[in-house]
Structure formats: C-alpha cells, structure tokens
Amino acid sequence: MTTKGGAVLSAAWNWATLGTAVVAAITAVELLRRVLNSRLIGERWALAGPVVRRCTWPGFATAVVATANAVYTPDMSVASTQNLIRQMFTLLLIGCVTWLVIQAAYAVTDVVLDRLTRVEGERNRRARRIRTQITLVRRVSAAVVVLVALGAMLFTFPQVRALGAGLLASAGIAGVVAGVAAQSTLGNLLAGLQLAFSDALRLDDVVVVEDEWGRIEELTLTYVALRLWDERRLILPVSYFTANPFENWTRHESRILGSVYLRVDWAVPVEELRAELYRALRDNPLWDQKDWTLQVTDVTPGGLVELRALMSAADSASAWDLRCDIREHLVRFVREKYPESLPRLRVDRV
C-alpha cells in the first residue's frame with residue numbers, strides 16, 4: 001500500500017510539475033509576443049510585426065512540446081510506455097521546430113518583400129526581379145527543410161536507422177525511378193528556377209500570352225498565375241514559358257509606351273488635336289514627362305482617318321490609366337470643339 005501510494009503521489013507530482021512548466025512556457029511566449037507587438041518595439045524594429053504574425057502559434061507549439069519533453073518523467077517501470085512517449089515527444093518537437101524555422105524565415109523575407117513592393121520608377125524592374133527570386137528561393141528552402149525534418153523523424157526509429165545503409169545504396173536507383181515517374185513535375189521545377197534566375201520573367205511583368213494581355217501575379221515552381229485585364233486568372237505551367245514564345249512588355253524596364261487610337265473624319269484639325277494632347281499630358285500626373293506624339297497612321301476603308309497618340313508612363317498600371325484618361329479627354333475635346341470631325345459614313349448615290 002505504501003509503495004502504491006508513493007507511486008500515485010509521484011505520478012501526481014510529475015503531472016503537476018509538467019502542467020506548471022507548460023503554463024510558464026506559454027506565459028513566457030505570450031509576454032514576448034506582447035512586447036514585440038507593442039508600439040515602442042514595432043516602430044523601431046520592422047521585423048517585429050512579421051515575427052508576431054507568423055511565429056505566434058509555432059512559438060506556442062514549440063514551447064509547449066520542448067518544455068514537456070524536458071520536464072516530463074515517464075514511468076520507468078514500463079519500458080514500452082517510456083519509449084513510446086519519448087518517441088512521440090521527439091517527433092512532435094521536430095515537427096514544431098520545423099514549423100517555427102520556416103515561419104521565421106518567411107517573416108524575415110516578408111520585411112524585404114514589403115520594402116521591394118513599394119519601389120517605383122527606374123528601380124522597379126530590379127526590385128521585381130529580386131522579389132521573384134526571393135519568393136522562389138524561400139519556397140525551395142521550405143521544401144528542403146521539410147524533407148530534412150521528415151528524414152530526421154524517420155531516423156528516430158531504430159528500424160529505419162538499421163536500414164540506413166541499404167537505403168543509401170539504393171538511393172540512386174530510387175532517384176532514377178522517381179525522376180522518370182515525376183518527369184513533368186521536375187521539368188516545371190527546373191523551368192521555374194530558370195525563369196527566376198535568368199530574369200526572363202518577374203512578378204508584375206506585363207506579358208501577352210495566348211493573345212491575352214495581363215500581369216504576372218504569382219510565379220511558383222510549378223505554375224504561373226497571370227491576372228488578365230478583366231480580372232480573370234490564366235494559369236499556365238512554368239514549362240510553357242520555356243517552350244513557347246511570349247511577349248514581355250517590361251523585360252528591360254518597367255517604363256512602357258501606351259497608345260490611343262481615334263478614328264475620325266477627314267475634317268479633323270490634326271495640329272490642334274496634337275496641341276491638346278500635349279496640354280492634357282502635362283496636366284496628368286501619370287505621364288512621366290518623357291515621350292509623346294500624335295500621328296496619322298492610316299486611312300480606313302470606311303473613309304475615316306486613324307490617329308495614334310503615344311505616351312509614356314513609369315509602369316504598366318500607370319500606362320493603362322493614362323491611356324484611358326487621354327482617350328476620354330480627346331473624345332470629349334473632338335465632340336465639343338470639332339463636332340464636324342466626328343466619324344461619319346459617306347455614301348455616293350449613282
């Protein structure tokens with residue numbers, strides 16, 4: 001009876017110690033979270049916000065599992081139970097640490113990506129290239145960390161450690177078989193890395209693919225998401241861009257030329273319209289103060305004159321809005337000032 005009562009008291013003491021330690025670990029992480037989330041730290045340290053946002057739950061999980069693994073003392077009289085609990089704690093600890101490491105790495109890169117997103121003007125192209133490369137590298141790094149963690153979990157089992165030499169010996173054959181089975185996936189992975197580090201394609205690049213105009217919204221190791229002008233999404237495998245031609249309007253710089261076409265009557269005063277275009281561009285903040293022109297580019301079979309107004313902008317989004325503003329302004333100018341120049345169809349009676 002004394003032995004049994006002592007065992008019960010010992011077990012109760014162990015559980016009480018474990019509970020107290022876990023509560024203390026949770027309290028410590030919560031205090032750290034509150035400190036990082038305070039205005040004083042948040043204003044002085046740019047990394048504080050992303051760390052709190054990404055690492056709070058992984059931090060809680062890691063603190064709880066690490067504390068339980070360090071404090072809990074299993075019943076030494078039952079060897080199988082002891083081994084099972086230790087194994088479980090080890091697996092959970094590897095998983096939580098992996099989760100925390102990945103989220104911490106993402107928090108650090110979030111700060112860099114956020115700063116690069118705000119870069120405009122001449123440095124925008126370089127910023128987009130770095131954003132693309134960082135995004136892909138951190139995904140590859142996360143995949144590598146997960147694979148290493150899975151390997152560490154497997155090697156906690158004695159049976160797997162005993163088979164380690166055999167597994168290493170057969171790794172070459174297994175790699176060949178896996179490569180053949182996943183040829184398409186591996187091709188996309190390599191194509192994604194090639195696009196990112198050859199600078200052929202970047203996030204926010206303006207491209208024309210399959211006669212569709214859009215902007216690169218997401219570039220992963222397996223697919224590219226293209227946001228079209230009407231907010232549709234065109235999803236293409238990464239290998240498409242290495243095997244097929246496509247137009248990249250922002251390949252060398254983010255600055256692009258926009259065009260506006262008008263089809264009007266022969267009576268239109270081109271010089272007055274050219275002067276009005278320049279006045280409208282000067283008053284529009286979207287114009288980068290560099291290139292502009294208005295030219296008569298064609299005469300249509302219907303008897304109309306085609307005018308093309310060219311203008312430059314700092315990036316594709318500004319160019320699109322600038323084109324819309326100028327088109328609206330020129331249409332209103334012709335309608336109000338020169339209504340006789342509006343398009344009309346002439347028919348000769350025989």
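Figure 1. Of the 350 residues in the protein chain, 35% count as buried. Keep in mind as you look around that this is a predicted model. The chain has 12 helices and eight strands. Its accessible surface comes to about 21,200 Å², and carbon and sulfur atoms account for 62% of that area.

**Figure 2. Contacts across the sequence.** Here we take contacts in the protein chain between residues at least 6 apart in sequence. How many of these join residues at least 24 apart? The share is 65%.

**Figure 3. Strands β1 and β2.** Let's zoom in on two strands: β1 covers residues 206–209, and β2 covers residues 212–219. They pair in the antiparallel sense, with four bridges between them. To find your way, look for Val207, which stands opposite Gly214 in β2.

**Figure 4. The turn between β1 and β2.** Together, β1 and β2 form a hairpin, with two residues between the strands. Which residue in the turn has a positive phi? That is Glu210, with a phi of about 55 degrees.

**Figure 5. Strands β2 and β3.** Now follow the chain on to β3, made of residues 223–228. β2 pairs with β3 in the antiparallel sense over five bridges. A handy pair to spot is Glu218 and, opposite this residue, Ala225 in β3. β2 and β3 also form a hairpin, and three residues lie between them.

How values were computed: Residues are numbered from 1 along each chain as its sequence is written. This is a predicted model: local features need pLDDT of at least 70, side-chain atom pairs count only at pLDDT 80 or more; totals for chains, interfaces and linings use all residues. Side-chain values use heavy atoms; hydrogens and water are left out. Buried means under 20% relative accessible area, exposed over 50%, partly exposed in between (1.4 Å probe, protein chains only). Contact means heavy atoms within 4.5 Å. Accessible areas come from the Shrake-Rupley method with a 1.4 Å probe; for residues, only the protein chains shown count as cover. Two strands pair if DSSP finds at least two bridges between them.
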